[in-house]
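Let's take a walk through this model together, one region at a time. Have the sequence and the 3D view open side by side as you read.

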Amino acid sequence: MDLSKPIAINFSPSSVAEEILQNVRTICSTVVGSVPLDRDFGMSMDTLDQPINLSRMLFQSAVIQALAKYEPRAKLVSIDFSTNGESVNQGITMPRLTLEIQE
């Protein structure tokens, strides 16, 4: 799953796998504190101003914890932070998640 590309929400996913992937994308793109009835939902933005290697490790840890709590049917297998020379200089990383789906 490439988190750098926005995808429209499908309110009637055609499969359980599509539903799970959509849920994971929602979890990873929601800022903690922005959901009124569940302030813990989403990902913390505290990692943004950290050194790149620390930020990547904190993001990976946050994804594992968030999936365990909000979408236990998805298990994180790996995260690949694809970068090019220009984006690294600007502090931009684009996470690509590899998930194992348990239906």
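**Helices, loops and charged pairs**

Asp-40 and Lys-69 are both exposed, where exposed stands for over 50% relative accessible area, buried for under 20%, and partly exposed for anything in between (1.4 Å probe, protein chains only). Before going further, please note that this is a predicted model, in which local features need pLDDT of at least 70 and side-chain atom pairs count only at pLDDT 80 or more, while totals for chains, interfaces and linings use all residues. Residues are numbered from 1 along each chain as its sequence is written, and side-chain values use heavy atoms, with hydrogens and water left out.

Back to our pair: the side chains of Asp-40 and Lys-69 meet in a salt bridge, at 3.8 Å from N to O. Asp-40 sits in the loop between H1 and H2 and Lys-69 in helix H2, so this pair ties together parts that are 29 residues apart in sequence. The element names follow DSSP runs, numbered from the N terminus: helices are H or I runs of at least four residues, and strands are E runs of at least two. As for the term salt bridge, it asks for a side-chain nitrogen of Lys or Arg within 4 Å of a carboxyl oxygen of Asp or Glu. Side chains of opposite charge can pair when their charged atoms come close.

How many salt bridges does this rule give? The count comes to 3. Another of them joins the side chains of Glu-19 and Arg-73, at 3.5 Å from N to O. This pair links distant parts of the chain, with Glu-19 in helix H1 and Arg-73 in the loop between H2 and S1, 54 residues apart. Glu-19 counts as partly exposed because its relative accessibility is 31%, and Arg-73 is partly exposed too, at 27%. Arg-73 also meets the side chain of Glu-71 in a salt bridge, at 2.8 Å from N to O. Glu-71 is buried, with a relative accessible area of 3%.

Now follow helix H1 itself, which covers residues 16-29. Its 14 residues reach 20 Å from the first C-alpha to the last, close to the 20 Å expected at 1.5 Å a residue; the expected span is 1.5 Å times one less than the number of residues. Which residues of H1 are buried? They are Ile-20, Val-24, Arg-25, Ile-27 and Cys-28. These residues lie on the same side of H1, because they cover an arc of only 160° around the axis, the arc being that of the directions from the helix axis to the C-beta atoms. An α-helix has 3.6 residues a turn, so residues three or four places apart point the same way. The buried residues of H1 pack against helix H2 (52-70), strand S1 (74-82) and strand S2 (94-101).

Gln-22 is also in helix H1. Leaving aside neighbours within four places in sequence, Gln-22 is in contact with Ala-8, Ile-9 and Asn-10, contact being heavy atoms within 4.5 Å. The C-alpha atoms of Gln-22 and Ala-8 are separated by 9.3 Å, and the two residues are 14 apart along the chain.

Next comes the loop between H1 and H2, where you will find Thr-30. Thr-30 counts as buried, at 13% relative accessibility. Not counting residues up to four places away in sequence, Thr-30 touches Val-35, Phe-41, Gly-42 and Met-43. Thr-47 lies in this loop between H1 and H2 as well, and counts as buried at 13% relative accessibility. With neighbours within four places set aside, Thr-47 is in contact with Ser-55, Leu-58 and Phe-59.

Finally, turn to H2. Its 19 residues should span 27 Å at 1.5 Å a residue, and the end C-alpha atoms are 26 Å apart, which agrees. The buried residues of H2 are Ser-55, Phe-59, Val-63, Ala-66 and Leu-67. They share one side of H2 because they cover an arc of only 95° around the axis. These buried residues of H2 pack against H1, S1 and S2. The face of H2 turned away from its buried side carries the exposed residues Asn-53, Met-57, Gln-65, Ala-68 and Lys-69.
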